[in-house]
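Hi everyone, thanks for coming. Please take a moment with the picture, and then I'll walk you through it.

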Amino acid sequence: MNKNMNKLNKLLYNITEITSKSAIACHSCIGLGDERGADQAAVESMRASLNNLEISGRVVIGEGERDDAPMLYIGELLGKSGVDIDIAVDPLEGTTICAHNKPDSISVLAISEASNMLNAPDVYMEKIAIGKNLPQDLVDLDEPIEKNLKSLATAKKCLVQDLNVCLLNRPRHVELIKVLRAQGVRIKLIDDGDVLACLKTCLEGGDIDMYLGIGGAPEGVLAAAGLKCLGGQMQGRLIFNTQEEIARANSIGIIDLSKKYNIHEMVKGEAMLSATWVTDGFFKGVKKMENNCYTTETLLLAPNIIRIIKTAYI
């Protein structure tokens with residue numbers, strides 16, 4: 001392990017504190033229907049916390065391009081100066097989930113050594129993700145869905161009909177859902193939250209064998225960072241619908257617009273990820289106790305580390 005990675009490890013518990021504070025910041029917005037307010041509170045908290053660290057950090061996955069996002073925009077430099085790192089953030093994954101007090105809204109932050117995470121523009125990404133302890137390159141975006149399902153079922157020593165496949169509940173997935181229905185798999189449709197959905201392919205009790213479909217590219221890279229820590233597999237391909245999106249991609253060095261990225265290309269080296277639950281779900285959300293004390297539950301992922309951290313903030 002190089003010197004820079006050793007320095008990165010010293011930030012391990014800093015990132016859990018950052019996502020915890022970000023989750024607490026938007027606690028007062030839970031269930032109020034104010035998506036913008038909840039997201040803004042989380043963004044402001046996370047940016048302030050990152051700027052207090054002794055890092056030279058660059059946002060590679062953030063709230064969007066600079067013109068649209070005044071804070072935590074792609075390319076923003078953060079920190080007091082120190083270890084060079086890439087930063088991927090989703091201060092509030094599931095703004096609608098939080099606003100409507102539904103399960104599994106989370107605050108997510110991933111870091112790696114500089115120039116190790118894919119600097120993806122805020123576009124769509126086609127994704128496929130599966131769990132750990134499986135043969136490498138078991139599934140492929142370019143293969144028919146039927147073949148991927150059969151390969152996964154064979155590796156898991158089960159029937160295709162026993163597989164649980166998760167995807168976003170979107171009109172763009174109508175035809176994909178028809179194919180999955182024809183194969184007889186169990187489909188889990190989610191309204192939001194595909195970072196967590198991808199991670200659940202590896203987490204005990206996650207009950208997802210495969211994640212499929214088109215979602216946000218930023219969420220794809222965040223999921224890849226977590227899956228790499230967990231030993232999962234993932235592929236992604238960016239989708240460009242306009243010339244403006246292509247121009248943005250070109251401006252940050254993406255030339256091959258049809259490239260299929262594997263997990264080791266989305267996250268080249270080691271990474272670490274922290275996710276704190278805002279609303280109850282897979283873990284407990286933020287709770288406000290007496291004397292303005294808050295409790296949080298955070299999932300911390302790093303190489304050879306999977307920890308659930310319960311914290312009280314006074």
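Let me begin with a term: buried area is the accessible area, taken with a 1.4 Å probe, that two parts lose on being put together, summed over both. Some ground rules come next. What you see is a predicted model, where local features need pLDDT of at least 70, side-chain atom pairs count only at pLDDT 80 or more, and totals for chains, interfaces and linings use all residues. Residues are numbered from 1 along each chain as its sequence is written, and side-chain values use heavy atoms, with hydrogens and water left out.

So, what are the two parts? Contact, meaning heavy atoms within 4.5 Å, takes in 24 residues from domain 1 and 21 residues from domain 2.

How much area is buried between domain 1 and domain 2? About 1,800 Å², and carbon and sulfur atoms give 77% of that. I61, E93 and F282 supply 30% of the area that domain 1 buries against domain 2, more than any other three residues.

Now for charges. Side chains of opposite charge can pair when their charged atoms come close. We call it a salt bridge when a side-chain nitrogen of Lys or Arg is within 4 Å of a carboxyl oxygen of Asp or Glu. The structure holds 17 salt bridges, and across the interface of domain 1 and domain 2 the rule finds two. Please find D191 and K102 on your screens: they form a salt bridge, with their closest N and O atoms 3.9 Å apart.

Let's look at another pair. E126 and R237 form a salt bridge, the closest N and O atoms being 3.5 Å apart. This pair links distant parts of the chain, since E126 is in strand 5 (residues 124-130) and R237 is in strand 9 (residues 233-239), 111 residues apart. Helices (H or I, at least four residues) and strands (E, at least two) are DSSP runs, numbered from the N terminus.

Are these two residues buried or exposed? With a 1.4 Å probe and protein chains only, buried means under 20% relative accessible area, exposed means over 50%, and partly exposed is in between. E126 has 26%, so E126 is partly exposed, while R237, at 17%, is buried.

D209 and K156 form a salt bridge too, with their closest N and O atoms 2.7 Å apart. D209 sits in the loop between helix 7 (194-199) and strand 8 (210-216), and K156 in helix 5 (residues 145-156), so the pair ties together parts that are 53 residues apart in sequence. D209 is buried at 13%, and K156 is partly exposed at 31%.

Elsewhere, salt bridges that share partners join E126, D140, D142, R237 and K260 into one network.

My last stop is S105, in the loop between helix 4 and strand 4. S105 has 0% relative accessibility, so it counts as buried. Its contacts, leaving aside neighbours within four places in sequence, include L92, I97 and W277.
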